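Work through the following exercises with the sequence and the coordinates at hand. Each task is followed by a solution that goes step by step.

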Amino acid sequence: MRNPITYILLLILFGFLVLIRVFENELFYDPYLMFFKSDYLHMDFPRREILKLSLFTTLRFVLNTAISLGIIYILFRDKSIVKFSSIVYGVAYIILMLFFLYFVINPRQEDYYLFFNFRRFLIQPLLLLLLVPAFYYYKLKN
């Protein structure tokens, strides 16, 4: 049985992830929030400031990553898993950001859905949902 403090810390960290999502309009510059909530397949690409958008997307990714690494550490208590996760997050950031910038700079209507999904991996903690079950299975096997 785990310490009750562990559950409280996990609850707090998951609460931070929820707060980032709830207050995304107030915390981050992202013209695509409303764009993708509407009928984006039949709309023009929104006006955007590429540098500002890139910086705020990076900030959101870093916040989600830091919280996610904290969750992974609390769940598994293994620094090697956290180091590996950091590498995965770093490589994912580079690859996803390159695709993100390509789609922002070269908007084409036929690429909107693909752009939506690359952007989703940058602004939401989806990697956490992939890594936790993978590490859990890894721990079961060892």
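**Exercise 1.** Determine what percentage of the chain's residues count as buried, and describe the overall fold elements.

Solution. Of the 142 residues in the chain, 39% count as buried, where buried means under 20% relative accessible area with a 1.4 Å probe and protein chains only. This is a predicted model, in which local features need pLDDT of at least 70 and side-chain atom pairs count only at pLDDT 80 or more, whereas totals for chains, interfaces and linings use all residues. Residues are numbered from 1 along each chain as its sequence is written, and side-chain values use heavy atoms, with hydrogens and water left out. Turning to the elements, the chain has seven helices and zero strands, both taken as DSSP runs numbered from the N terminus (helices H or I, at least four residues; strands E, at least two). The C-alpha trace spans about 55 × 30 × 25 Å along its principal axes.

**Exercise 2.** Characterise how helix H1 packs against helix H4.

Solution. Two packed helices are described by the angle between their axes and the distance between the axes. For H1 (residues 4–22) and H4 (residues 50–76), the angle is about 160° and the axes lie 10 Å apart, the axes being lines fitted to C-alpha atoms over the stretch in contact, with angles from 0 to 180 degrees between N-to-C directions. That makes H1 roughly antiparallel to H4, a label for angles over 145 degrees. Next, list the residues that meet, with contact meaning heavy atoms within 4.5 Å: H1 contributes, among them, Leu13, Phe14 and Leu17, and H4 contributes residues including Leu63, Ile67 and Ile71.

**Exercise 3.** Decide whether Arg60 is buried or exposed, and identify its contacts.

Solution. Arg60 is found in helix H4, and its relative accessible area is 2%, so Arg60 is buried. Leaving aside neighbours within four places in sequence, Arg60 is in contact with Ile20, Arg21, Glu24, Phe28, Leu33 and Ile123.

Methods. Angles under 35 degrees count as roughly parallel, over 145 as roughly antiparallel, 65 to 115 as roughly perpendicular and the rest as oblique. Buried means under 20% relative accessible area, exposed over 50%, partly exposed in between (1.4 Å probe, protein chains only).
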